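Reader: May we go through this model together? I would like to begin with single residues and then move to the overall fold.

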Amino acid sequence: MVLILAINLVSVKLYGEMEYWLALVKILVVIMFIIVGILVTTGAVGAGTIGFEYWKNPGAFVDGAVGTVSVLLSAGFSFQGTEVVGITAGEAQNPTKTLPRAIRNTFWRIIFFYIVTIFLIGMCVPANDPNLSNDDGTAATASFTLIFQLAGINGGAHFVNAIILLSVLSAANASLYTTSRTLLGLARDGNAPAFLQRINRFGAPYWAVVFSSIIGFAVVFVSIYSASAAFEWFLSITAVSGFISWSGIAFVHLRFRRGYVKQGRDLNDLPYRAFAYPYSGLFACILTVLIILGQGYESFAPSFDRIKFLTSYIGVVPAILCYVGYKLIRRSKVVPLLEIDYDTGRATYEDMMMDEEAIGYIPWWKRVFAWIF
């Protein structure tokens, strides 16, 4: 936490450089894992051919639909953070060109690096493997590590554990950056204390960074007394908050596009247009709300469990308090579609031309490299 705090208190270039190399290491390891996973399930290495055996026994969907719903919150937690691409716009070089490309690349990287790896894990490791869930309170073995062990690469398993720790550092670093910049934006809009917008000589909002780090330090100290309980509570709070943010993003995007068209503007002027609008936005909005409401069903059956109920829905409370409090204090109303401001702070055509000129022509091999890394 001290290291991550120090990185975020200096120039954003250090943060970006660190994230680049950490991401590069993670991507290389995931590619290596995909190759090993294919070799394991096809029987090229390990005890023999597995194929889709574990999809039959114990089954691909443990406990059916109920079991699938029960893990959606944890699964969503693993995907959260992709929205950081939009937050970096304020400090990115040539944003009108680099941001749309980064958003498109993020989508395809999720398909490749998340979905493919999950698919291979499900083929190589059965859901009832005892190493996936330890009852003695100790940490369970990582799925990547198990697959390397199945391939007979025990040294590689230790290497993967080290990479996982680096990934945790990277995730914490990105989260602190995202939170501090969000607080900075809120402060500049008058929705957070004014002192949070103060920046140091490196251009970092130091008070926002320090304030954002409080939760991280609190988690560290709480985990000393009960790591498993702390993880369960903070996982629920973070994941639910993330889903609330996603539903808000989807809803705002729907209104953004509706208002943009209603004001007679040309959609071709937008640097980036979301795929399958409005169905993608409606799907995201409805699905996130359903997950938020349904992920705590275990607290109601077979009997009401107060602790599980609080653990499942405690993340909803801050969102409601902040929203209702804002409406009461500011007495704000929903902005009509015809009154939405699309011009303040918007990139102009000249900005796009300057960014395109600054980037210049990119050879095909560099475009491929940029897509992968």
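Reader: In which helix is the place of Ile38?
Author: Ile38 is in helix H2. Helices here are DSSP runs of H or I with at least four residues, strands are runs of E with at least two, and both are numbered from the N terminus. Please note that this is a predicted model, in which local features need pLDDT of at least 70, side-chain atom pairs count only at pLDDT 80 or more, and totals for chains, interfaces and linings use all residues. Residues are numbered from 1 along each chain as its sequence is written, and side-chain values use heavy atoms, with hydrogens and water left out.

Reader: What is the relative accessible area of Ile38?
Author: The value for Ile38 is 41%, so this residue is partly exposed. Buried means under 20% relative accessible area, exposed means over 50%, and partly exposed lies in between, with a 1.4 Å probe and protein chains only.

Reader: How far apart are the C-alpha atoms of Ile38 and Cys124?
Author: They are separated by 8.7 Å, although the two residues are 86 apart along the chain.

Reader: Is Cys124 buried or exposed?
Author: Cys124 is buried, at 2% relative accessibility. Cys322, by contrast, is exposed, with a relative accessible area of 56%.

Reader: How many disulfides does the count come to?
Author: The count is zero disulfides, where a disulfide is a pair of cysteine sulfur atoms within 2.5 Å.

Reader: Which residues have the most contacts inside the largest nonpolar core?
Author: They are Phe33, Val36, Val40 and Ile147, in a core of 17 residues. A nonpolar core is a set of buried Ala, Val, Leu, Ile, Met, Phe, Trp, Tyr and Cys residues joined through side-chain atoms within 4.5 Å. Helices H2 (12-42), H7 (95-124) and H8 (143-150) each supply at least two of its residues, and H2 gives the most, with six.

Reader: And what does Ile147 touch?
Author: Leaving aside residues up to four places away in sequence, Ile147 touches Phe33, Val36, Gly37, Val40, Leu120, Ile121, Cys124 and Val125. A contact means heavy atoms within 4.5 Å. Another core, of eight residues, lies apart from the largest one and includes Leu73, Ala239, Ile291 and Val316.

Reader: Changing topic, where is Ser170, and what does it touch?
Author: Ser170 is in helix H9 (residues 154-188), where it is buried with a relative accessible area of 2%. Not counting residues up to four places away in sequence, Ser170 touches Glu19, Leu22 and Lys26.

Reader: Which residue forms a salt bridge with Asp343?
Author: Arg265 does, with the closest N and O atoms 3.2 Å apart. The count comes to one salt bridge, defined as a side-chain nitrogen of Lys or Arg within 4 Å of a carboxyl oxygen of Asp or Glu.

Reader: Which parts does that pair tie together?
Author: Arg265 lies in the loop between helix H11 (227-262) and helix H12 (279-294), and Asp343 in the loop between H14 and helix H15 (349-359), so the pair ties together parts that are 78 residues apart in sequence. Arg265 is partly exposed, at 26% relative accessibility.

Reader: Finally, how many helices and strands does the protein have?
Author: The protein has 16 helices and zero strands. Of its 373 residues, 28% count as buried. Among contacts between residues at least 6 apart in sequence, 69% join residues at least 24 apart.
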